[in-house]
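Have a look at the model first.

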Amino acid sequence: QIFRIMDGRVWAGHNIIRFDNRRIVEEFKKIGRDPPKPKALIDTLPLLRRTFGSERAGNLKMATLGHHFGLGAERHRALEDTRMNIEVLQRC
């Protein structure tokens with residue numbers, strides 16, 4: 001079911017190209033299935049590197065950005081992390 005939800009859709013996230021996308025491929029390979037393919041990837045990490053810069057918030061990890069903007073701790077839960085990503089983008 002997750003394949004149908006993800007396949008052919010736009011995927012967005014913070015560091016999704018170098019981290020999340022690779023994990024998705026690995027996990028599908030573990031179960032012997034082809035991974036879903038995104039229609040496009042929107043990665044907020046390179047965007048923030050260009051527009052915000054690491055001088056203001058260090059390593060630009062979502063946990064660091066959340067602390068910098070007073071948004072609390074990163075929870076590593078999809079919905080909460082998505083909300084934090086949106087809040088960070090609005091503040092940059």
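Does Glu26 count as buried, partly exposed or exposed? Glu26 is partly exposed, at 38% relative accessibility (buried is under 20% relative accessible area, exposed over 50%, partly exposed in between, with a 1.4 Å probe and protein chains only). This is a predicted model, where local features need pLDDT of at least 70 and side-chain atom pairs count only at pLDDT 80 or more, while totals for chains, interfaces and linings use all residues. Residues are numbered from 1 along each chain as its sequence is written, and side-chain values use heavy atoms, leaving out hydrogens and water.

**Salt bridges**
- The count comes to 3 salt bridges (a side-chain nitrogen of Lys or Arg within 4 Å of a carboxyl oxygen of Asp or Glu).
- Glu26 pairs with Arg23 at 3.2 Å, N to O; they sit 3 residues apart in helix H2, about one helical turn (helices are DSSP runs of H or I, at least four residues, and strands are E runs of at least two, numbered from the N terminus).
- Arg23 is partly exposed at 30%.
- Also in H2, Glu27 and Lys30 meet at 3.1 Å, N to O; Glu27 is partly exposed at 42%, whereas Lys30 is exposed at 62%.
- Over in helix H6, 4 residues separate Glu87 and Arg91, whose side chains bridge at 2.5 Å, N to O.

**Lining of the largest pocket**
- H2 gives the most to this lining, with 7 residues.
- The lining residues split into 17 nonpolar, 8 polar and 9 charged (Ala, Val, Leu, Ile, Met, Phe, Trp, Tyr, Cys and Pro are nonpolar; Asp, Glu, Lys and Arg charged; the others, Gly among them, polar).
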